[in-house]
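Student: I'm new to this one. Can you put it up and walk me through it?

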Amino acid sequence: EIKSGNTNCYLIQMFRSGKWVLIDAGTADDKKFLEKIQQVTPLEQISLLVLTHGHYDHVGYAAELQQNYGVKILMHADDQELVENGKMDFPPANNKIGKLIRWYHLRKRSKKIYPPFHPDIVINQQTKLEEFPELEFLPLPGHTMGSIGVVYGEILFAGDLMMNLFSPSPSWFAEDFELLAQSMDTVKNRKLSMIYPGHGKRFPLRALL
């Protein structure tokens, strides 16, 4: 786990090939993000950056990793426009605390700027890559239309589909809460044991069943 502000990014090494995969790229105002990664592996050794969605706190260093270190970027087509235009988006909240958090972050919009970029691999549906056979990329729309999860064995790197601030829960923030609920059902129907969320500590999926 690589912390970037209050966002969790994950660096994993493929068992078969030894290749490194980074899930999410931090927030641009975290000046030490790349240093944290280099404490684990040289940046040049990262073969793939997977973006669970296109929000500023998950894509902050994507452009630099791509341009300076040759890291390939994978994301869903429905969030591609966000990152190609460098948009700072924050979806609606469904409770009072969430609305306060949203207001706070929107006030500090000027600190959330990140360089725009074009992803190298754009997916539209459930996908596996020959180069990374251990991973499955699973569309989980709701928080954003282009949100995806990364399945690795019985682990799900869930992005912002779920969170664990006070306790495990579906995200308080979504462009479409009905779609978010459908994505939760998708996850619950999979043989998964542990959830690694974009915010908060990991938790067993059974905590939400």
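Tutor: By class, the lining of the largest pocket holds eight nonpolar, six polar and three charged residues. Keep in mind that this is a predicted model.

Student: How much space is in the largest pocket?

Tutor: About 250 Å³. Of the 17 residues lining the largest pocket, the closest to its centre are Asp57, Phe90, Asp160, Phe173 and His199.

Student: Which elements give two or more residues to that lining?

Tutor: Helix H2 (56-59), helix H5 and strand E11 (162-164) do. A word of caution on H5, which covers residues 96-107: among the elements of the protein, helix H5 has the lowest mean pLDDT, 74.

Student: Which element has the highest mean pLDDT, then?

Tutor: Strand E5, residues 72-76, with 98. The protein averages a pLDDT of 92, and 97% of the residues score at least 70.

Student: OK, cavities. How many of 30 Å³ or more are there in the whole structure?

Tutor: A search finds one. The largest cavity has a volume of about 30 Å³.

Student: What lines the largest cavity?

Tutor: The lining consists of Asn8, Tyr10, Ile23, Asp24, Thr52, Phe157, Ala158, Gly159, Tyr196 and Gly198. Strand E2 (7-13) and strand E10 are the elements that give two or more residues. E10 gives the most, with three residues.

Student: And how does that lining divide by class?

Tutor: Five residues are nonpolar, four are polar and one is charged.

Student: Back to E10. Which strand do four bridges join to E10?

Tutor: Strand E13, residues 194-197, is joined to strand E10, residues 155-159, by four bridges, and the two run parallel. Glycine 159 stands opposite proline 197 in E13. Gly159 is also one of the residues lining the largest cavity.

Student: What's the order of the strands in that sheet?

Tutor: It is an open sheet of six strands, in the order E7-E8-E9-E10-E13-E14, with mixed pairing. Strand E7 (127-129) and strand E14 (203-204) are the edge strands, each pairing on one side only.

Student: What holds paired strands together in general?

Tutor: Strands of a sheet pair through backbone hydrogen bonds, and the pairing is either parallel or antiparallel.

Student: How do E3 and E4 run, parallel or antiparallel?

Tutor: E3 and E4 run parallel, with four bridges joining them. One of the partner pairs is tryptophan 20 with isoleucine 46 in E4.

Student: Is E4 mostly covered or mostly open, and how many of its residues are buried?

Tutor: Strand E4, residues 46-50, is mostly covered, as four of its five residues are buried.

Student: New topic. How many salt bridges does a search of the whole structure find?

Tutor: Four. In one of them, the side chains of glutamate 131 and lysine 19 meet at 2.9 Å, N to O.

Student: What about arginine 190: which residue does it form a salt bridge with?

Tutor: Glutamate 136, with the closest N and O atoms 2.7 Å apart. This pair also links distant parts of the chain: arginine 190 is in the loop between H6 and E13, glutamate 136 is in strand E8, and they are 54 residues apart.

Student: Is glutamate 136 buried or exposed?

Tutor: Glutamate 136 counts as buried because its relative accessibility is 10%, and buried means under 20%. Arginine 190, at 25%, counts as partly exposed.

Student: What does aspartate 30 form a salt bridge with?

Tutor: Lysine 36, and the closest N and O atoms are 3.1 Å apart. Aspartate 30 is buried, with a relative accessible area of 11%, whereas lysine 36 is partly exposed, at 26%.

Student: Last one: where is aspartate 185?

Tutor: Aspartate 185 is in helix H6, residues 177-188. Aspartate 185 is partly exposed, with a relative accessible area of 44%. Its C-alpha atom is separated by 10.0 Å from that of leucine 209, which is 24 residues apart from aspartate 185 along the chain.

Key. Residues numbered from 1 in each chain as written. Predicted model: local features only at pLDDT ≥ 70, side-chain atom pairs only at ≥ 80, totals over all residues. Heavy atoms only, no water. Pairing = 2+ DSSP bridges. pLDDT = per-residue confidence, 0-100. 1 Å grid on protein atoms, 1.4 Å probe; cavity = no way out; pocket = protein on both sides within 12 Å on 5 of 7 lines; lining within 4 Å. Points joined across faces, edges and corners; volume = space filled by probe spheres on them. Nonpolar A, V, L, I, M, F, W, Y, C, P; charged D, E, K, R; others polar. Buried < 20%, exposed > 50% of the residue type's maximum accessible area, 1.4 Å probe, protein only.
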